[in-house]
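Subject: Structure handover, with notes

Dear colleague,

Please find the structure below, which I am handing over to you together with some notes on what was found in it.

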Protein chains: 2
Amino acid sequence: MSQNPYRIAIAGLGTVGLGLLELISKNGDLVAKRTGRRVEVIGINARSQTKDRGLDLSSYLWVHDPLDMPDLKNVDGIVELIGGDSGTALSLARKTLKAGKDLITANKALLAIHGSELADLAAQNDAAISYEASVAGAVPAIKTVREALLGNRIFKLGGILNGTCNFILSSMESTGAAYEEVLEQAKALGYAEADPSTDVGGFDAAHKLTLLSSLAFDHAPDFSAVTVKGIEGVTDRALSYADRLGYRIRLVGVADEISARVAPMAVPKDGNLGSVTGSHNALHIISDQAREIFLRGPGAGRSETASAVMGDIIDLSLGHSRAPFGVGDRISVSSASELTETQLVILQISDEAGVMAALTKALAGQGVSVDQMVQPGGKDGSADVALVTHPASSHALVKAWTFIAAQDYVLAPIEAYPIERFGE
Amino acid sequence: MSQNPYRIAIAGLGTVGLGLLELISKNGDLVAKRTGRRVEVIGINARSQTKDRGLDLSSYLWVHDPLDMPDLKNVDGIVELIGGDSGTALSLARKTLKAGKDLITANKALLAIHGSELADLAAQNDAAISYEASVAGAVPAIKTVREALLGNRIFKLGGILNGTCNFILSSMESTGAAYEEVLEQAKALGYAEADPSTDVGGFDAAHKLTLLSSLAFDHAPDFSAVTVKGIEGVTDRALSYADRLGYRIRLVGVADEISARVAPMAVPKDGNLGSVTGSHNALHIISDQAREIFLRGPGAGRSETASAVMGDIIDLSLGHSRAPFGVGDRISVSSASELTETQLVILQISDEAGVMAALTKALAGQGVSVDQMVQPGGKDGSADVALVTHPASSHALVKAWTFIAAQDYVLAPIEAYPIERFGE
């Protein structure tokens, strides 16, 4: 233990920041014993110094301006837990890297949008960017892609990257309640924020997918290339028909060399992704050498995310850092229209003679070939139809649903979910 | 790319060795682009130089004696893929570390038995030991415990660590065939070796559990402390009753701070471990910060294991190494008798009046409290009973089964499987 400690300053004392302080105070000796190098917190900061956070912070140096942190004497790494893709978080990230200090962050939005610029700064100043905590909590998603599978050509990766959406969808599924009702419960339980749009709109998952895609497919982070659809339109009706047909609906992010998208998708009920319930996250990686790797665990949480931050800090304390992201351009960005996929589709039609025949004719006329169909009994003049298509171009399917949605006998917006099997 | 390459010599050209040569020739440029450092194979060796391995090896230097490899000019790491816990593998490992070269190996038996001595040699000579490939193929099991979760106090870990056994048990399950029959199929398919005793006896899984336990619980590898039971006695009958009661039988290795054991266990059918079929491996880790992490993937295979070896080589090429194992003694080694557990038990009794009453009385007399019981109809004078106990001391249960097995009306060996839920 003759070596200097690895000295960090922590900006932001929300859930994760406090979790990290607790972790270091509880397991710091164990870490020092395991690695031979101690981690020392030499400064902390948050918006309010006086707020009661349920933790005695008096032994830490309070740094009044987080932007002063990179100038602290002997500081090695700055832990940015402020959040947001601009403002102080961005300024602190830039200043940290310019000062040649390591940046440890859980901020996926910041990296998804400014990752390329920050990676350049890191390279110019011989500093590292570590961000395991930004994807899937304590699940070693980044480490697996950035380190363990580095000898692999990855074909495809993806999974359940947003715990809030997974909690909402799996609660709707188990209780039969509607989206709005479960969203309110999720807010009350702390699983959703007061303004949940980043989560339920799919943007948070898209930020994470941007980072994973950059690493896996060797290009700079490019958030704008991700197609994003949220879960706001998922109905309890759709979940129930998905179940009858052997599927669950999950917000899934999937990327390959040419495309990246986040959307509610239908996944096999008993498969790896279908069995992920509550706020868990899961990642499936398909590659040339390792074939398939599946990782799963809590997607967030105080100690869980702190565990990931600490893993990064320990790596850096041992001088172990990697190129933060892939570099260069994507091979080509395909629009979703070029994909071939099968879809699970829910329609609500009027329960009248001749309508089913008209729908069948319209499907055929639009070139939609149906693999499975269920037609539960109608009620109050409306009837539901749930079907699974044969593989078709995503573009052709969108066109078909647009055409069919315009017919008189279609009573509600059509819900169409891509089916994602991940090789299962 | 101005840096010297990381130079390796490969001893052993079986499946994994050839897979590694293929990986480097296929993805070597990609790796160099990703890391900035090339990996170069400067020597190879195997028992026979002339054997046709389906790969052109003429461009590699053939090293006639693998023990000369550590003396190769500028060699950085030796990849030991010879196998076996003694002989050339052990000599080569010792010589490599004494020469201050890195040892990369997939040899769990060697490390489980000689890990402590080899770790001392590594420390004395500033060399590294990397062995991701020795546990669960390409699944980053070692990396997760040794790096990602280093800030965690791990409470318990374990899972399915032997693909051969999992293939056999899940095939018995899906086909209803008996153990011996499926074992022969597994041999024919290359899933089991001609002498399968290391796998089916549970020893291979115990070697792996020894390494994981050392890392997770901070003690030197201690193979002799693992309680080992193989799958040879698992009947198709037991699998079928387990299914009826909601379980599958898997060879599971589980360790905590005070104990480590490998045995066929009953796991919930729809849980993480129960859904692992074929030759896949899976690892569940429960800890104070990350809570629970689940990893799954192919447990072996040419390219899969090569992927893990390559991950280690890349880490070492970047100068990233860790202490190989935990050091020191276990807190205390508990015998299985001190465990409390529930068991799934299969009995075959004579189908005569009064026998069921006698069994019930014997169970009560032995203090075995029954939670669930099924009694399918008897045939040919014998009847089966499958039951799940309430929690009891493992020691008391063993005593009870010994007593009951000695009764006249018990017609076959009693099968008792600990139920392992892993928090599910």
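Two strands are said to pair if DSSP finds at least two bridges between them, and that is the sense in which pairing is used in this message. Please also keep in mind that this is a predicted model.

With that definition in hand, we can begin with strand 6 of chain A, which covers residues 154–160 and is mostly covered, since 5 of its 7 residues are buried. Strand 6 of chain A is joined by 6 bridges to strand 10 of chain A (residues 280–287), and these two strands run antiparallel; in this pairing, Ile154(A) stands opposite Ser287(A). Strand 6 of chain A also pairs in the antiparallel sense with strand 8 of chain A (residues 247–256), this time over 4 bridges, and here Gly158(A) stands opposite Val254(A).

The loop between strand 9 (260–268) and strand 10 of chain A holds Thr277(A). Although Thr277(A) and Ser171(A) are 106 residues apart along the chain, their C-alpha atoms are separated by 8.3 Å.

Helix 8 of chain A (residues 203–217) has 15 residues and reaches 20 Å from its first C-alpha to its last, which is close to the 21 Å expected at 1.5 Å a residue. Because 15 of its 15 residues are buried, helix 8 of chain A is largely enclosed by the rest of the structure. The helix is followed by Asp218(A), whose phi is positive, near 55 degrees.

Turning to chain B, you will find an open sheet of 5 strands in the order 2-1-3-4-5, with parallel pairing. Strand 2 (39–45) and strand 5 (129–130) of chain B stand at the edges with a single partner strand each, so one side of each is left without a neighbour in the sheet. Within the sheet, strand 1 (residues 6–11) and strand 3 (residues 77–80) of chain B pair in the parallel sense over 4 bridges, and Ala11(B) has Glu80(B) as its bridge partner in strand 3 of chain B. Helix 2 of chain B (residues 87–98) packs on the sheet, where it touches strand 1, strand 3 and strand 4 (102–105) of chain B, and its direction makes about 165 degrees with that of strand 3.

Finally, the two chains meet where 39 residues of chain B are in contact with 39 residues of chain A. On the chain B side, the elements that give two or more residues are helix 1 (15–35), helix 4 (141–148), strand 11 (291–298) and helix 10, and by class this side has 18 nonpolar, 12 polar and 9 charged residues. Strand 11 of chain A (residues 291–298) is joined to strand 11 of chain B by 3 bridges, with the two strands running antiparallel, and there Leu295(A) stands opposite Leu295(B).

With best wishes

Technical notes
Residues are numbered from 1 along each chain as its sequence is written. Chains are lettered from A and ligands numbered from 1 in the order in which they are written. This is a predicted model: local features need pLDDT of at least 70, side-chain atom pairs count only at pLDDT 80 or more; totals for chains, interfaces and linings use all residues. Two residues are in contact if their C-beta atoms, placed from the backbone, lie within 7 Å. Axes are lines fitted to C-alpha atoms, for helices over the stretch in contact, and angles run from 0 to 180 degrees between N-to-C directions. Ala, Val, Leu, Ile, Met, Phe, Trp, Tyr, Cys and Pro count as nonpolar, Asp, Glu, Lys and Arg as charged, and the others, Gly among them, as polar. The expected span of a helix is 1.5 Å times one less than its number of residues. A residue is buried if 20 or more other C-beta atoms lie within 10 Å of its own, exposed if 12 or fewer, and partly exposed in between; C-beta atoms are placed from the backbone.
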